[in-house]
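Here are some notes to read alongside the structure, written for someone meeting it for the first time. Keep the 3D view open and find each part as we come to it.

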Amino acid sequence: METNLNRLKSTIEAMSNFRSEDGPGISRFSYSRDDLKARKYLTDICKELGLTVRIDAVGNIFSRYEGQNPSLVPVLSGSHIDSVKSGGMFDGIVGSVGALECARVMKENNYVPMRPLEIVFFAEEEGSNFQVPVMGSKVLVGKLGLDDLKSLKNQEGESAYSLIKRAAFNPDDIPNCVLKKGDYKASLELHIEQSVRLDLEGHTIGIVEGIAGCQWYKVTFRGKQNHAGATPMHLRQDPMCAASECISKVKYMAKETSRTAVATVGYIKALPNIPNAIPAEVSFTVDIRDIKNGAMDEIAEKLLAEANKAAEENGCGVTCELGASSRAIEIMPYMMRVMEQEAKQLGLDYIFMPSGAVHDSNYMAEVTDVGMIFVPSIDGRSHVPEEKTDFSHVKLGADLLLNTILRLTAE
Ligand SMILES: [Zn+2]
């Protein structure tokens, strides 16, 4: 069995017609008129295939392809069908239409898997309405509740609760749609890479080996503000010197700790920030990300050690505060093994790579084993009207998704 390139292409192109009139690119916000049309288009296809369609409290759509043994927990596969404002036609749609294509191929081959398959189309992944990304999957895993939806407001001041209700879904049913561990055997998502690596290095498939978490530190050096001309060098307590010495080490902390780690100083502030005084205080942020929680902790320890050293050498005080953080999600080794075996079988040019962005899979990982497949984004561009992926690459990704689904639903 293999996926059908022309059908993938025509379905993705058909989805791109469901978009708001204003502005370039694709603007299809969840619960909008265009979103409701797109939903009907997809669910009609699912119903024609004989799948059982179920729509939950916030509009996540589940279409079940029954297995020989309906009592086995299903494998889930899909992605989101909403977009950012003036986004592209591939983000989310490749994984949604890709999963649908797998069901279509299985059906036309009269193939009945042992275990059921459920296709999912997630709602409100981009956070376009309420600036809360991955809302659909957060609700599914119990990270957002009814009260949250009542307090979230869009730019017009309408609550998520009200907007969802107006779109004819039933948010009051949220408590009944929260998933438990073990409700699904696995969850698989095909997605565009949204970055440059696959395109630049000329690979067609990225098998995600982990979903990055982050630790966000604010480092503040405090010294003694004084005259830039009259204070001799050996009598200074200069927090700018301390900060720069520490910042210059940050890239080595990441590189020397983990192949997949990144660390970034993206914000810096000096007080009082004038040219003719040694500053009183310099603060900056360090954004640490990796797919290994242990490596992020190790980088944070190195940061603390370097900050203390720089403070001491410059006669300053220092504090390191952890702000926002999220745990990295480690992909189960069996999942990567299955995908790698199937990729080899298909003769695909694949690499293992981390996922740096937030996807529905990040949250699904709370309740099941997740797997993700990336296909190249041309020039690494996404969330722009020019977002593009070669349809032949979409097909290769969908073929790998199909074979992985066949493996995981076979027993
Ligand atoms: Zn996406």
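Predicted model: local features only at pLDDT ≥ 70, side-chain atom pairs only at ≥ 80, totals over all residues.

**Notes on the domains, helix packing and one loop**

1. **How the domains meet.** The contact between them involves six residues of domain 1 and eight residues of domain 2. The size of an interface is often given as the accessible area lost when the parts come together. For this pair of domains, that buried area is about 490 Å², with 45% of it on carbon and sulfur atoms.

2. **Helix 1 against helix 13.** Two packed helices are described by the angle between their axes and the distance between the axes. Start with helix 1 (residues 5–16), whose axis comes within 9 Å of that of helix 13 and crosses it at roughly 110 degrees. The two helices are therefore roughly perpendicular to each other, and their crossing is right-handed. Helix 1 brings Leu 5, Leu 8, Lys 9, Ile 12 and Glu 13 to this meeting, while helix 13 brings Phe 391, Ser 392, Val 394, Lys 395 and Ala 398. Sorted by class, the contact has six nonpolar, one polar and three charged residues.

3. **Helix 11 against helix 13.** Helix 13 (residues 391–409) also packs with helix 11 (residues 333–345), at an angle of about 125 degrees and with the axes 9 Å apart. Helix 11 and helix 13 are therefore oblique to each other, and this crossing is right-handed. On the helix 11 side, look for Tyr 334, Met 335, Val 338, Met 339, Gln 341, Glu 342 and Ala 343; on the helix 13 side, for Leu 400, Asn 403, Thr 404, Arg 407 and Leu 408. These residues divide into seven nonpolar, three polar and two charged.

4. Leaving aside residues up to four places away in sequence, His 393 touches Thr 204, Val 375 and Pro 376.

5. **Helix 9 and helix 10.** Now turn to helix 9 (residues 239–257) and helix 10 (residues 293–313), which pack at an angle of about 155 degrees with their axes 9 Å apart. That angle makes helix 9 roughly antiparallel to helix 10. The crossing of helix 9 and helix 10 is right-handed. Among the contact residues are Cys 246, Val 250 and Met 253 of helix 9, and Ile 299, Leu 303 and Ala 307 of helix 10. By class, the contact counts 11 nonpolar, one polar and eight charged residues.

6. Where does Pro 272 lie? It is in the loop between strand 10 (268–271) and strand 11 (277–278). The peptide bond joining Leu 271 and Pro 272 is cis, with omega about 0 degrees. Asn 273 is in the loop between strand 10 and strand 11 too. Its phi is near 65 degrees, a positive value in a residue other than glycine.

Note on methods. Residues numbered from 1 in each chain as written. Heavy atoms only, no water. Axes fitted to C-alpha atoms, helices over the stretch in contact; angles between N-to-C directions. Helix = DSSP H or I, 4+ residues; strand = E, 2+ residues; numbered from the N terminus. Parallel < 35°, antiparallel > 145°, perpendicular 65-115°, else oblique. Left-handed = near helix turned anticlockwise from the far one by under 90°. Contact = heavy atoms within 4.5 Å. Nonpolar A, V, L, I, M, F, W, Y, C, P; charged D, E, K, R; others polar. Buried area = accessible area lost by both parts, 1.4 Å probe.
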